[in-house]
Amino acid sequence: MLLIQELESGRPKPLVFVLNANLLAMVKMVNYVNRKCWCVTTKGMHAVGQVEVVVLLQCLPEEKSFPKDIFSHFIQLYRDTLTGKVVKHLSLSLFGNSFLGSEEHAGFLYIRPTLQSLQGLPLPNQPYLFGLLVHRAEVAWAKAFPLRLMLRLGAEYRFYPCPLYSVRLRKPLFGEIGHTIMRLLVDFRNYRYSLPMVPGLTVDLEAQRTCIKIPTDGYNELMKALNKSNEHVLAIGACFNETADSHLICVQGDDGQYQTQAISIHNQPRKVTGSCFFIFSSALKASAGYLAKSSIVEDGLMVQITVETMAELRRSLREMKDYTVTCGRLDQSDSQELVCVQWVEEKCTVNKGVISPIDGKSMESIISTKMFQKSEYKENGKIIRWTEVFFLQRGDHPKGGATDSAEHNRLTERIARAFCVALCPHLKLLKEDGMAKLGLRVAFESQEVGFVAGSNGQPLPAQYLNALDSVLIPVIHSRGRKRGDEPIVMELIFYILENIT
């Protein structure tokens with residue numbers, strides 16, 4: 001009761017709960033879009049290579065105890081991360097048994113906030129995800145095609161593109177899978193295959209013209225999808241289209257049938273509508289009198305083309321060339337529509353809001369890879385872990401970078417190992433001085449080969465840099481330079497943790 005009173009008193013700062021020596025939960029009661037909610041946030045997931053997690057849970061009327069199940073789930077996520085299993089945007093984490101007072105609460109679908117209001121929420125450092133409560137009947141969609149479920153939640157709560165809060169004990173939004181085009185594209189029984197996704201790919205539906213935009217750095221993913229696809233059908237899932245003002249959604253009626261609807265940004269005219277997937281099918285006969293036919297199917301776009309057009313489309317994709325399909329009857333040029341496939345140079349919105357611990361430099365749109373170290377470096381009850389590497393500059397071509405070589409990976413690992421070994425004797429002192437997150441930037445450029453290391457936006461104090469010099473410099477200089485080597489600049493991120501194993 002005291003706890004609830006403390007939270008209801010409108011205290012400005014969240015209450016902090018210790019889940020383990022490395023993981024905290026911050027709890028605050030908030031009024032979010034006129035709903036009284038628990039806001040529960042992790043602090044400490046970043047240190048094990050997992051994004052932080054926020055759960056915004058609508059309070060029940062007269063709720064007199066705190067929903068502690070969320071804590072147990074956070075601890076489970078933390079343990080999973082130590083084995084290399086992490087949650088990402090649109091991934092699902094399932095609960096073992098009854099959760100938050102019901103057997104029907106099956107898990108959380110994790111989403112990255114986009115156009116929603118974040119006002120008044122105590123948020124962790126970027127990156128973070130919101131967990132949305134999923135009903136047991138919706139699990140098939142959360143696994144097979146999570147974007148459909150995310151947008152359907154948006155329609156249900158009139159919140160574009162979806163709410164950030166969860167409502168307990170609600171009715172499911174989908175029932176038996178039944179007749180859906182997805183049955184042809186997804187294995188609902190064992191989930192061995194699903195609709196392939198290309199990061200950053202979007203579909204814009206406008207009057208008389210549809211544009212499928214593929215980012216150039218999604219070339220490799222697109223080729224994987226193309227090589228695995230049936231020669232008569234090319235189907236690919238799109239990402240939520242942040243530049244659109246509305247989006248196609250799919251609603252299952254009480255009769256089990258699927259209908260197409262759209263949701264849009266409140267009080268904004270609809271010009272561009274996003275779509276959740278596209279299908280090109282080469283089932284159109286040349287004798288049908290059509291150049292091609294396009295139609296909306298559920299929450300996606302279906303384009304029927306001839307076998308010849310399919311061959312041309314595939315060739316264009318392989319060669320990274322734009323391609324336009326004209327849809328409509330051969331004899332009616334005034335009512336024709338265009339479906340354009342375009343390669344765009346847009347950067348994926350990765351690492352939004354992330355900054356370097358060395359000098360506070362923004363890491364937005366810089367590609368990074370999470371690291372799950374098998375070996376840990378321990379001393380005086382502390383552990384240092386390497387969690388991520390950012391590629392600030394590398395000789396990279398969209399059709400497969402030369403620097404993704406085993407040799408380059410081995411060098412990066414040796415640098416990380418040398419950094420951990422050099423700082424091992426100092427872990428206790430570093431952590432006590434508030435330097436638990438460290439960055440190491442290494443440059444291999446024609447003018448200079450060297451490193452900088454820092455924490456909290458400042459270079460490390462001299463005693464630590466001296467310890468690093470003697471161990472790191474020989475490793476960095478061990479990479480012999482060959483003519484034509486492209487410059488590489490990378491930043492490695494490390495965290496110092498309590499040893500709780």
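# Chat about a predicted model

Biologist: Is α4 mostly covered or mostly open?
Modeller: Mostly covered. Nine of the eleven residues of α4 are buried. Bear in mind that this is a predicted model.

Biologist: Which residues of α4 are buried?
Modeller: P146, L147, R148, L149, M150, L151, R152, L153 and G154.

Biologist: And what covers the buried residues of α4?
Modeller: The cover includes strands β6, β7, β12 (246–252), β13 (258–264) and β15 (277–281). Helix α3 (139–144) is also part of the cover.

Biologist: What happens just after α4?
Modeller: R158 takes a positive phi there, about 50°. Most residues other than glycine have a negative phi.

Biologist: Which residues other than glycine also have a positive phi? Start with L90.
Modeller: Phi of L90 is about 65°. L90 sits in the loop between α2 (69–82) and β5 (92–94). S365 also has a positive phi, near 65°. The loop that holds S365 runs between β19 (337–344) and β20 (368–370).

Biologist: Now peptide bonds. Where are the cis ones?
Modeller: One runs from Q126 to P127, with omega near -5°. P127 is in the loop between β6 (105–111) and β7 (128–135). Another joins Y160 and P161, with omega about -5°. P161 lies in the loop between α4 (146–156) and β8 (165–166). For context, most peptide bonds are trans.

Biologist: Switch to cores. How many residues are in the largest nonpolar core, and which touch the most other members?
Modeller: That core has 53 residues. Y32, L56, I111, W141, M150 and M182 touch the most other members.

Biologist: Where does this core lie relative to the domains?
Modeller: Between domain 1 (1–174) and domain 2 (202–344), because both give residues to this core.

Biologist: What does W141 touch?
Modeller: Leaving out residues up to four places away in sequence, W141 touches P146, R148, L149, F174, I177, T180, M182, F188 and Y258.

Biologist: How do α5 and α6 pack?
Modeller: The axes of α5 (residues 219–228) and α6 (residues 307–318) come within 10 Å. They cross at roughly 150°. The crossing is left-handed.

Biologist: Which residues meet there?
Modeller: From α5, Y219, L222, M223, L226 and N227. From α6, R314, L317 and R318. The contact divides into five nonpolar residues, one polar and two charged.

Biologist: What about the spacing along α5? Why would residues three or four places apart point the same way?
Modeller: An α-helix has 3.6 residues a turn, so residues three or four places apart point the same way. In α5, the contact includes Y219, L222 and M223, then L226 and N227.

Biologist: New topic, E63. Where is E63, and is it buried or exposed?
Modeller: E63 is in the loop between β4 (52–58) and α2. Its relative accessibility is 13%, so E63 counts as buried.

Biologist: What does E63 touch?
Modeller: W38 and R168, not counting residues up to four places away in sequence. As for E8, it is 55 residues from E63 in sequence and 11 Å away in space, C-alpha to C-alpha.

Biologist: Last one, L94. Where is L94, and what does it touch?
Modeller: L94 is in strand β5. L94 touches H73, A106, G107, V139 and K143, again not counting residues up to four places away in sequence.

Biologist: How accessible is L94, and how far is it from L133?
Modeller: L94 has 43% relative accessibility, so it counts as partly exposed. L94 and L133 are 39 residues apart in sequence and 10.0 Å apart in space, C-alpha to C-alpha.

Definitions and conventions: Residues are numbered from 1 along each chain as its sequence is written. This is a predicted model: local features need pLDDT of at least 70, side-chain atom pairs count only at pLDDT 80 or more; totals for chains, interfaces and linings use all residues. Side-chain values use heavy atoms; hydrogens and water are left out. A nonpolar core is a set of buried Ala, Val, Leu, Ile, Met, Phe, Trp, Tyr and Cys residues joined through side-chain atoms within 4.5 Å. Buried means under 20% relative accessible area, exposed over 50%, partly exposed in between (1.4 Å probe, protein chains only). Domain bounds come from an automatic or database domain assignment. Contact means heavy atoms within 4.5 Å. Axes are lines fitted to C-alpha atoms, for helices over the stretch in contact, and angles run from 0 to 180 degrees between N-to-C directions. Helices (H or I, at least four residues) and strands (E, at least two) are DSSP runs, numbered from the N terminus. A crossing is left-handed if the near helix is turned anticlockwise from the far one by less than a right angle, and right-handed if clockwise. Ala, Val, Leu, Ile, Met, Phe, Trp, Tyr, Cys and Pro count as nonpolar, Asp, Glu, Lys and Arg as charged, and the others, Gly among them, as polar.
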